[in-house]
Amino acid sequence: MKHIVLTGGGTAGHVTPNIALIPTLKAAGYQISYIGSYEGIEKKLIEAITKYKSLLFFLAVSLIGAYVRYNARAFISEDMSYYLLDWFDQIKENGIFSLKEQVGNYNILYQTMIALMTYIPWKPVYLIKCFSILFDYLLAFSVADFIRKQFGEHRKSLYFLVPYGVVLLLPTVVLNSAYWGQCDAMYTFFIFEAMVTLYEEKYRRCFFLFGIALAFKLQAIFFLPFVICLYFYRKKFSLFNLLITIGSFWLSGLPAYFMGRGLLTPFSVYIAQSDEYRAMYLNISSFWILVGGHYDFLKSLAMGVTILL
């Protein structure tokens, strides 16, 4: 084995390049030695990096994720331009009192979040995106924490750090929040937490989180077939727990109820959504393009197929 001896002038500017080189040289099969003064900055830096390398990795990945998202701060998608920013302006006129009526087609919980954002003196596009980005980090942390637990590892291990970085830097995650300002990471975070608590057999918490996920976006309903299948496979919980889901979903509408909205408003918002886009596919082709796009004729068949699947 070839042996390489590194040294430096005893300043951080000399030491840090060597520290950066050492892992690569070791991976290439070289034996590495470093010569430095015992009381010099070399020892302090190397000891600090050795001691805090996991934290440094975590912070580095977090900052890279923030930098990537920062570069997308000025991008405004069509959805952002025609819908989200318009909703923000409408809600801003009355602030929290805008909850007296429906603005946009998202449910009350998201409208409440926007109403609270309007009191912050910052660009609306930044506020909307930052709220979405917050859940990118929460989702990445949640996924990483679940994975490291399966291997019995701590948060300093690669079983936590690598999944955290992968989720945080996934292009789909970055695009959805930093570029488009969508709320998919929000409901996904709560769905994933519901899956974790379901795995841990904390059923009441699972169904409560499921309701919060539904309050953010109706797509969370796709978790329901999985829950039903798991029930018939294991029968370790009662389907009556779905009443908890309905309850937490209903509670998400409390701010609107106080403003005089009907007690079934969260449900009526999604009922209206279900009939808003009368098309079998939208913007991108799907299975239904093979049998035609006649919505009124095919919608019942499509619902039946979905339930069976």
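Visitor: Which backbone oxygen lies 2.8 Å from a polar atom of the side chain of Ser 157?

Guide: The backbone oxygen of His 154. A polar contact is a pair of N or O atoms within 3.5 Å; within protein, one must be able to donate a hydrogen and the other to accept it, and residues adjacent in sequence count only if both atoms are side-chain atoms. This is a predicted model, in which local features need pLDDT of at least 70 and side-chain atom pairs count only at pLDDT 80 or more, while totals for chains, interfaces and linings use all residues. Residues are numbered from 1 along each chain as its sequence is written, and side-chain values use heavy atoms, with hydrogens and water left out.

Visitor: Is Ser 157 buried or exposed?

Guide: Buried means under 20% relative accessible area, exposed over 50%, and partly exposed in between (1.4 Å probe, protein chains only). Ser 157 has 9%, so it counts as buried.

Visitor: How many salt bridges are there?

Guide: A salt bridge is a side-chain nitrogen of Lys or Arg within 4 Å of a carboxyl oxygen of Asp or Glu. The count is seven. One of them joins Lys 217 and Asp 184, 3.3 Å from N to O. Both Lys 217 and Asp 184 are buried.

Visitor: And how many disulfides?

Guide: A disulfide is a covalent bond between the sulfur atoms of two cysteines. The rule here asks for a pair of cysteine sulfur atoms within 2.5 Å, and the count is zero. For Cys 183, the closest cysteine sulfur, in Cys 130, is 16 Å away, too far for a bond.
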